[in-house]
Amino acid sequence: MTRRSQASVKRTAPAAGAAALLEQTWRDPPGLVGWLSAINHKSIGRRFIVSAFGFFVAGGLLAATMRLQLARPDNHLVGPDLYNQIFTLHGTTMMFLFAVPVMQAMAVYLVPLMIGARSTAFPRMTAYAFWMYLFGGLMIFAAFLLGMGPDAGWFSYVPLAGPDYGPGKRNDFWAQLITFTEVSGLLISIDIITTVLRLRAPGMTFARIPLFVWAMLVTAFMIIFAMPAVMLGSTMLIMDRLVSTHFFNYAEGGDVLLWQHLFWFFGHPEVYFIFIPGLGFMSAIIATFARRPVFGYPAMVMSIMATSFLAFGLWVHHMFATNVPELGKAFFTAMSMMIAVPTATQIFCWIATLATGRVNFRTPLLFVLGFFFILVIGGLTGLMLGSVPIDLQVHDTYFVVAHLHYVLIGGAVFPLFGAWYYWFPKITGRMMDERLGKWNFWLFFAGFNVAFYPMHHLGLAGMPRRVYTYPADMGWGPLNLLSTVGAVTIAVSVLLFIVNAVRSRRHGAIATDNPWGASSLEWAAASPPAAYNFLAPPVVGGREPLWEASKDVGAPTYVTGLALDVREALATTPLDARPDHRYIFPQPSIWPFVSAVATTIMFIASIFSPWAIVWGSLLVAVPVTAWFWPKRAETEKHLALEKRP
Amino acid sequence: MTTNKRLSSSPAGRIPGNVTPGGALDVSGLPSYAFGPRSLMWWGTLGVIAIEATVFAMMVATYFYLRSQAPGWPLGVQPPLLVWGTVNTLILLASVVPNHFTKHAAESHDLAGVRLGMCLCILFALAFLVVRIFEFRSLNVAWDANAYGSAVWTLLGLHTVHLVTDFADSLVLAVLMFTGPLEGRRFVDVAENAMYWDFVVFAWLPIYAVIYWAPRF
């Protein structure tokens, strides 16, 4: 208790009337055009989170349709062609439109608040990246509703997805969706890296960065080095399909395994840029509800980094059923075993934290505890699949489907739901209902295990993935029915979550600034935060700024001397977070939105004519130039504040 | 400059600036922009460079992967003619001179020097874009002939996209340096444009080696 009461950051008002002026400076403009011009990281973050949740629900409805189809043998609710499109779109949506973007969306909202900043580093680019993501997602669903949904699976293997076996435009839409989401994901990564390295509160040295921010920083670096592989691969795929290149055409010197290498060089790290942010949520939530700092901070940070490096040495374990040399496979088996070490280190640190803390069993913590149970099972089946003989036996069966859902839902979605309950009061200013939250958790937890545990047995019994139906005498009927019951239970629990969120937003108990008694800086801002985040930007003197007194003797507690009528903030040095210069952020602008519309036109038109790349580039160049071009009035204001380095 | 000195000479663990213990850290005396790694946009540019360098590296890896799967290389066609690629390499390398002249002019807030330097850079850009057309014509293979053709066209195409965007960026920035509105931060933009230009030039060297020399060995 004493730890928490000694808050080191005093929220002293710098001057009377400053709050109103700052609010006016940092808020998004009113009206429809203003809404489309918004660049405040909280507005974009909220839209990003809601859109990603919308795609999660859409992907979930696709999954529910598959489960209904598979509930009994010889079912004809959905035909084979539609089923192919449904499972492809389900996987594509969950991986590219939900799991990766939602983590970045959470970071866009939370990271500036957690490091004591007023904005992301490149707010207009944040807005552009969000619109690109949204338009790409809407495009793929429009294609699906028009009967042109991709149908070659979420990893779109050639030759099935190539020109010979995938006629029509279906897989072109898939390839372009990848382009949309990668543009968005890469730009957000640059944004997060620069934000974390340059906009931290003075005093927040590398050794004082919150673990969630560490997780997002490491994830952003991973994305930068992994996503280009799939972006290049999907470009080769669409060129093979549209302009007759031969990258994957065996007859002309191409190679189908090239696609698998490029895809999984990205695809395996992708699992970790879904999983590592989940670990970040875990650390934030466990510290708060164990009411003590996470045990072993240096070990935690080193583990996140080790995981991110090892993740790049795993991709071939998705290709054990190909003719990759056996010695190579042995290397990837060893790496697959090794990555368990840093993950286990983190799990032990959390257990130590919970064991030595005073645990407060609220809904966010329940989801975190669900992670331990589910992820450990997923990790154990992962160790099994990492061994070549077992993988060959169960490759492309429901055993793999069970494994990947245990890992991804246990490792990312459970912490994410916990994170939503945890930060909902910060984002909306109201608490979510605790009773509905507990129902949500228990139904999700039970429904998940009922839906996915039987799939291990189905896989071992030989049921292949991606079949639209099966004959009754295979004996797979009862377990499939059980699995469908579980899926319906999950759907009910997600519905409860939606009801809870919608009701709590209007009628929930009013949240204080720090309702859970947490230690990190976002809880020093108001709930919901003002447009400018912090009236007096904080100076940090320790790892747990709201729990302990400053460790820097004689240090100040807040920053002054920044303009109130211009979007000015303090840039600090990358390692030590010493004050470096005053940085002026751009004003809201419609041009990022217009640029995203233009880019969307170019990407979609290029599916139908390669020349669209040429005229489309000119179309994009105009709004991008307008976006960059400075305004005279703003330049005048900047000149008034200017001081040469 | 005085601020700079104060920053670098302050003892470890202490926070620079006008400090009131337990009170405010007044940052109004700090500069309002900075060059090099002190600038935020420098980090953004570095991020873009990291992404694009990874794309180039992946494409080079693809080239050699396809070669490792092929019975012979370059798949029954002649290697590209050396002349235009080599000429363009020299032009690109020479463009580093006006580029660095521009960068230094920007860092010393020399507007006339920046204007001159950027105009020279744009002339170089026009030159290497024109020669690039001849390069495509001397590849001795079409993109749809075989996988080798697809790989060299994509490799050269990727780099050409960078030449075109770098040209367009520089053109817009050059016009702005003549018309305004100008403030000190625009010199940082010029310096960072020069940094990206260096990347486009030096990324070309391994690509040149792969396209023109790898098929000869």
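Author: We can begin with a term for how two helices pass each other. A crossing is left-handed if the near helix is turned anticlockwise from the far one by less than a right angle, and right-handed if clockwise. In this predicted model, α9(A) passes α13(A) in a left-handed crossing.

Reader: At what angle do helix α9 and helix α13 of chain A pack?

Author: Helix α9 of chain A covers residues 256–290 and helix α13 of chain A covers residues 363–385. The two pack at an angle of about 125°, and their axes are 10 Å apart. Angles over 145 degrees would count as roughly antiparallel and 65 to 115 as roughly perpendicular. The angle here therefore makes α9(A) oblique to α13(A).

Reader: Which residues of α9(A) and α13(A) meet?

Author: From α9(A) come A:Met282, A:Ile285, A:Ile286 and A:Phe289. They meet A:Pro364, A:Leu365, A:Val368 and A:Phe371 in α13(A). By type, the residues of this contact are eight nonpolar, no polar and no charged.

Reader: Next, chain B. How many helices and strands does chain B have?

Author: The secondary structure of chain B comes to six helices and two strands. Along the sequence, their order is α-β-β-α-α-α-α-α.

Reader: What share of the residues of chain B count as buried?

Author: A residue counts as buried if 20 or more other C-beta atoms lie within 10 Å of its own. In chain B, 40% of the 217 residues count as buried. Contacts can also be sorted by separation along the sequence. Among those in chain B between residues at least 6 apart, 76% join residues at least 24 apart.

Reader: What confidence values come with the model?

Author: The model as a whole scores ipTM 0.93 and pTM 0.94. For chain B, the mean pLDDT is 90, and 90% of the residues reach 70 or more. Over residues 1–17 of chain B, pLDDT stays under 50. For that stretch the model has 22 contacts beyond four places in sequence.

Key
Residues are numbered from 1 along each chain as its sequence is written. Chains are lettered from A and ligands numbered from 1 in the order in which they are written. This is a predicted model: local features need pLDDT of at least 70, side-chain atom pairs count only at pLDDT 80 or more; totals for chains, interfaces and linings use all residues. pLDDT is the predictor's confidence in each residue, from 0 to 100. Two residues are in contact if their C-beta atoms, placed from the backbone, lie within 7 Å. Axes are lines fitted to C-alpha atoms, for helices over the stretch in contact, and angles run from 0 to 180 degrees between N-to-C directions. Helices (H or I, at least four residues) and strands (E, at least two) are DSSP runs, numbered from the N terminus. Angles under 35 degrees count as roughly parallel, over 145 as roughly antiparallel, 65 to 115 as roughly perpendicular and the rest as oblique. Ala, Val, Leu, Ile, Met, Phe, Trp, Tyr, Cys and Pro count as nonpolar, Asp, Glu, Lys and Arg as charged, and the others, Gly among them, as polar. A residue is buried if 20 or more other C-beta atoms lie within 10 Å of its own, exposed if 12 or fewer, and partly exposed in between; C-beta atoms are placed from the backbone.
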